[in-house]
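Me: Please take me through this structure one feature at a time, giving me the general idea behind each reading before the particular case.

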Amino acid sequence: MKICYDNVSSDYSYPVSKKDIGEIKKIILPEITDKIRVIRFGCNTKTTQEGRIVKQGRVYDIRINFCLNNNRSLILSDRKKYIKEIKQFGGSPDFKSGFITWKLNDAKRYSFYILFHEIGHIAFCEKYLNGNQGTKNSSAEEQWCNNFSMKLIRELEKNALFNLPDSDK
Ligand SMILES: [Zn+2]
């Protein structure tokens with residue numbers, strides 16, 4: 001499992017480090033992590049998709065588009081479900097400026113949420129679709145992946161596997 005980051009200018013940053021990501025091996029079964037070839041982080045300035053997976057033969061590449069500029073990220077959609085999720089994770093969207101303001105710790109949690117959701121797609125695909133990724137994911141699959149992700153977020157928190165820089169929880 002390789003972890004890499006797209007180069008970004010110095011005013012942008014990624015909320016999760018390689019070390020943070022390395023911790024996921026403690027809470028995810030090797031039969032799933034072994035299927036991940038690369039996790040690549042990029043900026044979300046040119047996309048509306050925060051996460052996606054691409055199957056490469058028997059393994060998967062994951063792409064996460066989420067970065068911060070002065071503790072802010074872009075609002076990618078005005079879909080109610082998306083905005084609700086952002087707020088649930090502590091982000092404060094401002095529709096006038098088009099930015100979401102985050103505390104670092106919340107941005108970190110949200111990054112993991114996107115990542116675990118994508119890993120959920122891998123788990124779902126392997127478990128229920130015999131590794132045959134469909135072209136369009138059903139809403140049942142999306143819901144399954146959200147639940148999968150939340151369960152792992154709770155595992156992370158229970159085990160305090162990543163340090164919480166400005167935690168107020
Ligand atoms: Zn999804």
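Reply: Let us start with a loop residue: N130 lies in the loop between α4 and α5, where helices (H or I, at least four residues) and strands (E, at least two) are DSSP runs numbered from the N terminus. This is a predicted model, in which local features need pLDDT of at least 70, side-chain atom pairs count only at pLDDT 80 or more, and totals for chains, interfaces and linings use all residues. Residues are numbered from 1 along each chain as its sequence is written.

Me: What is the phi of N130, and is N130 buried or exposed?

Reply: The phi of N130 is positive, about 50 degrees, although N130 is not a glycine. Burial is read from C-beta atoms placed from the backbone: 20 or more others within 10 Å means buried, 12 or fewer exposed, and anything in between partly exposed. N130 has 7 other C-beta atoms within 10 Å and is therefore exposed.

Me: Which loop holds N71, and what is its phi?

Reply: N71 sits in the loop between β6 (68-69) and β7 (72-74), and this residue, also not a glycine, has a positive phi of about 60 degrees. With 15 other C-beta atoms within 10 Å, N71 is partly exposed.

Me: How should I read the packing of α4 and α5?

Reply: Two packed helices are described by the angle between their axes and the distance between the axes. Here α4 (residues 104-128) and α5 (residues 139-158) pack at about 125 degrees with their axes 7 Å apart, the axes being lines fitted to C-alpha atoms over the stretch in contact and the angles running from 0 to 180 degrees between N-to-C directions. The two helices are therefore oblique to each other (under 35 degrees is roughly parallel, over 145 roughly antiparallel, 65 to 115 roughly perpendicular, the rest oblique). Their crossing is right-handed, that is, the near helix is turned clockwise from the far one by less than a right angle.

Me: Which residues make the contact?

Reply: Two residues are in contact if their C-beta atoms, placed from the backbone, lie within 7 Å. On α4 the contributors include F112, F116 and F124, and on α5 they include W144, F148 and L156. By class the contact of α4 with α5 has 11 nonpolar, five polar and two charged residues (Ala, Val, Leu, Ile, Met, Phe, Trp, Tyr, Cys and Pro are nonpolar, Asp, Glu, Lys and Arg charged, the others, Gly among them, polar). L156, in helix α5, counts as partly exposed with 19 C-beta neighbours inside 10 Å, and its C-alpha atom is separated by 9.1 Å from that of K26, 130 residues apart along the chain.

Me: Where is V16 found, and which residues does V16 touch?

Reply: V16 is found in the loop between β2 (12-13) and α1 (18-22), and is buried, with 24 other C-beta atoms within 10 Å. Leaving aside residues up to four places away in sequence, V16 touches I21, K108, S111 and F112; the C-alpha atoms of V16 and S111, 95 residues apart along the chain, are separated by 7.1 Å.

Me: What does the whole chain look like in terms of elements and contacts?

Reply: The chain has five helices and nine strands, running β-β-α-α-β-β-β-β-β-α-β-β-α-α from the N terminus on. Residues 24 or more positions apart account for 66% of the contacts with a separation of 6 or more, and buried residues make up 26% of the 169 residues.
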